Amino acid sequence: MMRPAVALLIVCVGGGVASLALVASMQFPDACTDADDRFAASLATLSILDAHPVTATPRGGRDSGCYSDGRLVNVMQSYRSSSPVADVLSFYREAAIADGWKPPPEDDGEGVRCFVKSVDGRNVGFSVRVREESGEDNDVYDVDVASSLLGDGWC
């Protein structure tokens with residue numbers, strides 16, 4: 001009677017280990033891939049990330065990554081500016097349009113909300129986010145380009 005129970009246990013444990021190995025080797029659709037890393041590297045070369053008003057200076061290097069939720073590829077550059085926020089946003093609106101970025105249909109003609117452009121066959125969103133921190137860094141803003149596997153630009 002003991003042999004069938006041991007055999008069943010071996011089959012169950014062996015099957016479980018084989019199942020875990022199969023699951024571990026699978027590439028889930030939401031997991032970031034090497035192709036996403038290469039796409040992030042190509043986004044990091046976009047000229048809009050280098051554009052800035054004469055009153056702004058870059059803060060550190062570019063930050064980039066891929067986030068598994070929808071395979072969101074994102075590249076960001078931070079700047080510090082002595083210009084009023086409205087002037088910074090106006091600068092980026094003009095720079096984005098000159099660089100081929102398209103505003104959304106509901107665009108009000110002011111500032112930068114979210115512009116979209118096709119890059120390597122994927123829609124990429126461009127936005128500028130002014131940080132709402134208090135203190136000495138309240139003049140800091142982030143220029144961001146992002147794209148999701150879902151195919152839409154993401155801002």
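Strands β1 and β2 run antiparallel and are joined by nine bridges; strands count as paired if DSSP finds at least two bridges between them. The model is predicted, with local features needing pLDDT of at least 70 and side-chain atom pairs counted only at pLDDT 80 or more, while totals for chains, interfaces and linings use all residues. Residues are numbered from 1 along each chain as its sequence is written, and side-chain values use heavy atoms, leaving out hydrogens and water.

**Overall make-up**

- The protein has three helices and five strands, in the order α-α-β-β-α-β-β-β from the N terminus.
- Helices (H or I, at least four residues) and strands (E, at least two) are DSSP runs, numbered from the N terminus.
- The protein has 155 residues, and 34% of them count as buried; buried means under 20% relative accessible area, exposed over 50%, and partly exposed in between (1.4 Å probe, protein chains only).
- Its accessible surface is about 9,300 Å², with 59% of that belonging to carbon and sulfur atoms; the areas come from the Shrake-Rupley method with a 1.4 Å probe, and for residues only the protein chains shown count as cover.
- Of the contacts between residues at least 6 apart in sequence, 59% join residues at least 24 apart, a contact being heavy atoms within 4.5 Å.

- β1 and β2 form a hairpin with four residues between them, and Gly70 in the turn has a positive phi of about 80 degrees.
- Tyr67 stands opposite Leu72 of β2.
- Asn74 also lies in β2 and is buried, at 10% relative accessible area.
- The side chains of Asn74 and Asp144 make a polar contact of 2.5 Å; such a contact is a pair of N or O atoms within 3.5 Å, and within protein one must be able to donate a hydrogen and the other to accept it, with residues adjacent in sequence counting only if both atoms are side-chain atoms.
- Beyond its neighbours within four places in sequence, Asn74 has contacts that include Asp63, Ser64, Tyr67 and Val145.

**Disulfide**

- One disulfide is counted, by the rule that two cysteine sulfur atoms lie within 2.5 Å.
- Cys32 and Cys66 form this link, with their sulfur atoms 2.1 Å apart.
- The two cysteines are 34 residues apart and link distant parts of the chain: Cys32 is in the loop between α1 (2-25) and α2 (34-43), and Cys66 is in strand β1 (residues 56-67).
- The link of Cys32 and Cys66 is left-handed, with -85 degrees about the S-S bond.
- Cys32 counts as partly exposed because its relative accessibility is 24%.

**Nonpolar core**

- In soluble globular proteins, nonpolar side chains tend to be buried together.
- The largest nonpolar core holds 26 residues, of which Leu43, Ile48, Tyr92, Trp101, Phe126 and Val145 touch the most other members.
- At least two residues of this core come from each of α2, β1, β2 (72-81), α3 (85-98), β3 (115-119), β4 (122-130) and β5 (140-147), and α3 gives the most, with five.
- A nonpolar core is a set of buried Ala, Val, Leu, Ile, Met, Phe, Trp, Tyr and Cys residues joined through side-chain atoms within 4.5 Å.
- Leaving aside neighbours within four places in sequence, Leu43 is in contact with Leu49, Val73, Val75, Val119, Val124 and Val145.

**Ala44**

- Ala44 sits in the loop between α2 and β1 and is partly exposed, at 21% relative accessible area.
- Apart from neighbours within four places in sequence, Ala44 is in contact with Leu49, Arg62 and Val75.
- Ala44 and Ser64 are 20 residues apart in sequence, with 7.6 Å from C-alpha to C-alpha.
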